Amino acid sequence: MLIHRRHFLAGTGAAAGALALPRFAIGQADNRPTITIAVQQISNSASLEPLREQSNVGERTFSFIYEGLIMRNLLSQMETIPGLAESWKRIDGRTVELSLRKGVKFHNGDEMTADDVVFTFSRERMFGPDYDIGSSKTLFANVLIRDSVEGKALPPEVMAVAKRAWPALEKVEAIDKYTVRFVNRTPDVTMEGRIARYGSEIISRRAYEEAKTWLDWARKPVSTGPYKVRDFKPDQELVLDAHEDYWNGRPPVKTVRIVVVPEVASRINGLLSGQFDFACDMPPDQIPGIEKNARFEVQGGLIANHRLTVFDKNHAQLKDPRVRQAFTHAIDRQAIVDSLWAGRTRVPAGLQWEFYGPMFVEGWTVPEFNPQKAKDLLKQAGYKGDPIPYRLISNYYTNQNSTAQVLLEMWRQVGLNVHIDMKENWQQIFENNGQRAVRDWSNSAPFTDPISSIVNQHGPQGQQQQAQEWSNEEMNRLSIAMETETDMPKRKAMFKRMLEICEREDPAYTVLHQNATFTAKRKDIKWKSAPAFAMDFRHYNFQRV
Amino acid sequence: MLSFIASRLARAALTIVFVVTFAFVVLRLSGDPAMLIMSVDAPPEAIVAFRKAWGLDEPIWQQYLAYAAKALTGDFGNSMRDGRPAIELVLERVPMTLAITLPAFLIKICLGIPAGIFAALYRNSALDRLTMMVSVAGFTVPSFVLALVLVLVFSVQLGWLPSSGNDHWQSAILPIITLGLSGAAILARFTRSAMLEVLGQPYIRTASAKGVPWHRVVRGHALPNAAIPTVTIVGFMIGSLIAGAVVVESVFAWPGVGRLLVSAVSNRDLAVVQAVLLAIALSMVAANLVVDIAYGWLDPRLRRGRAQH
């Protein structure tokens, strides 16, 4: 067993301290453990600010530090639950009123009040000084990250992300010390979802104002989560200490060290040798090898992200929707799930998740696997076997290359002449030169409504249409109407129609499978993974056995 | 000797300009940092704003001129990821890399050169064969394979050493051994070949025939003459002290210049990649310069030949 110098020093210090302490303190000795979690990356943008770091790795890191007014149930199906707000109610179609939890302390010891909530959603912190409430256009100040190092100017991407998360927020106002109101410009049933989404976490106004620069803030943010930032070295490690005044029970871990170990093999070896307690981002093919050792287990969680194959309907061979339909019917999705994911994920019911609740379209499925139907469609469309390029980045997604090879063979079986066109980056993937036809993508649902997924990505403002790959007049009309429609049965009917258009009639994409993330861990720690990248280390989800 | 040094200095400066220019052009043609740094799902307006903010929407020659003008004043640009000066980020990592490459360099010298000399002196003996067998193995096995084998043995099976990171001084042992062993193997092979070539020369036979004791023949005649090709390899190793650990740093999660380079390239953090490449080019060029000068010192013919011109 390794004796770490740090542990030795800590032990020596603790022993010396114990001798010096008054007798009554000894009975309350802190025997909580320090745990080390090996990850691929802590934050891609070298910051701990959710409005700048829009990534899966960021979601994991921030789950330790930040909390929102409404939260997602990490130990169930990600449904919304009360967070820093005890309750909320609708005042009207464009106003939500929330009652804040009393006595919640920030990492700096201040009590969270309505003033902090208002500040969190202010121009100063979120939207930038040029934000125009009346405009639906995203405005940008021409600032560099460099400027934000020297002062408090917001980097341009912070404002862009904020505007994407809250496209029509008029104001957040304090009614009293513990009551706030979110007011939208237009009626919007997704406001509660947006309050619960990534990026709407509450921060301490005093801590933000005291930070000398924006980067100082982004490196040591102050929120109310169970762990607070002690030290952050980008690309190396993040050390978090238990937030002793945490409102939702004493954190069970004294110190959490999140270390960057880019190589999968190194993360696994570190776990097996006892250097790490948890190793994240395990590829499915490594799971049997790890679980051979009785001391370790791998926990998997389906995450709110679906893998897609996306079509460019302007490509000469894909103009006829029947060719794209043939693509969707040629795929044996279950075979991909069984062979490449060892059955640890699933084929979902199209681009939707059960946590949509009343908006979930029951009975909807991905197109059936029917090679004969695919062949018939190609025949009807008059497809003559002309080549169709499939642009691919090497393993950006888990199992991406092997999935592509399987797809290629399935498409070949029905007569589609698809060839892989390897690309180095996303700019090359999106390059519109007439040779863009099929590519990979994924889609997430940041909150519990289809607006966050199908409209966000495939609607008129979504990236697929912005990149001029696909467009559909009816889909665009529905997307705009759905933003402000408040009648739930009507909204659900709209969503169902969107699925029919985008997945069947005029395919914009086809869903392959749900994505999953796997975490290897010591078996003697009782802990449950979430159906998300977020990790929950609160008192009810951590126990040494 | 002065004109010799001056011509070498001019060539070194030109090499650095070429490296910086080549890196600038290739990096900008091979990918857009905006989409990588801001994620593929970033709103298109944000991508446009990012490109504008960093001058990526300007023609490449304008970007290059602006970069060159600033570089001449010592400003190598700021990291697009965290805004700090790129050169500061690189200099921060240099000591970490040297912490493993310098001891590894000592291992290479102390193990590789004597092994090569003994293998040559005892040519075709069991010692020679064993040394060369180990050397060929060390030379051909990629460093990441050796690294993983060492981790499996010393970390996973025996539990003696940490498998990665830089938490304590023991963390450096496996990276140092990995780098040191593969370098020593290369050096042993080169030293052996150089020694064998020298040992076959007529002046060695003459010295032996004159009755000079063998150990003095080796020390006085063979070793100095075999040093020149060996110094070339050693010089190359000195030059790669900063950049020679890219793979090993990645495998061991060692936060040095190599890992900075990998993450900067994958994020297209242009200023940082260029600052790293500049540091690598400088160290390589400086090492070559030292080697060139060392040639002149080691080989009187070169020195005199230059002096006559």
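Helices (H or I, at least four residues) and strands (E, at least two) are DSSP runs, numbered from the N terminus. This is a predicted model, in which local features need pLDDT of at least 70, side-chain atom pairs count only at pLDDT 80 or more, and totals for chains, interfaces and linings use all residues. Residues are numbered from 1 along each chain as its sequence is written, and chains are lettered from A and ligands numbered from 1 in the order in which they are written.

I start with one loop residue. Lys319(A) sits in the loop between strand E12 (296–311) and helix H13 (321–329) of chain A. Is Lys319(A) buried or exposed? A residue is buried if 20 or more other C-beta atoms, placed from the backbone, lie within 10 Å of its own, exposed if 12 or fewer, and partly exposed in between. Lys319(A) counts as exposed because it has 12 C-beta neighbours inside 10 Å. Its C-alpha atom is 9.8 Å from that of Ala381(A), 62 residues apart along the chain.

Next, a sheet in chain A. Two strands pair if DSSP finds at least two bridges between them. The sheet is open, has 4 strands in the order E4-E5-E7-E6, and its pairing is antiparallel. Strand E4 (85–92) and strand E6 (169–176) are at the edges with a single partner strand each, so one side of each has no neighbour in the sheet.

Now look at E7(A), residues 179–184. With E6(A), E7(A) pairs over 6 bridges, and the two form a hairpin with 2 residues between them. Across this pair, Glu173(A) stands opposite Arg181(A), and Leu169(A) has Asn184(A) as its bridge partner. Strand E5 (residues 95–100) of chain A is joined to E7(A) by 5 bridges, with Val96(A) opposite Phe182(A).

In a regular strand the side chains alternate between the two faces of the sheet. In E7(A), Val180(A), Phe182(A) and Asn184(A) point to one face and are buried.

Last, chain B. An automatic or database domain assignment sets the domain bounds, giving domain 1 (2–72) and domain 2 (87–307). Their C-alpha centres lie 31 Å apart. Residues are in contact if their C-beta atoms, placed from the backbone, lie within 7 Å. By that rule, 15 residues of domain 1 of chain B touch 16 residues of domain 2 of chain B. On the domain 1 side, H1(B) gives the most, with 11 residues.

Methods. Two residues are in contact if their C-beta atoms, placed from the backbone, lie within 7 Å.
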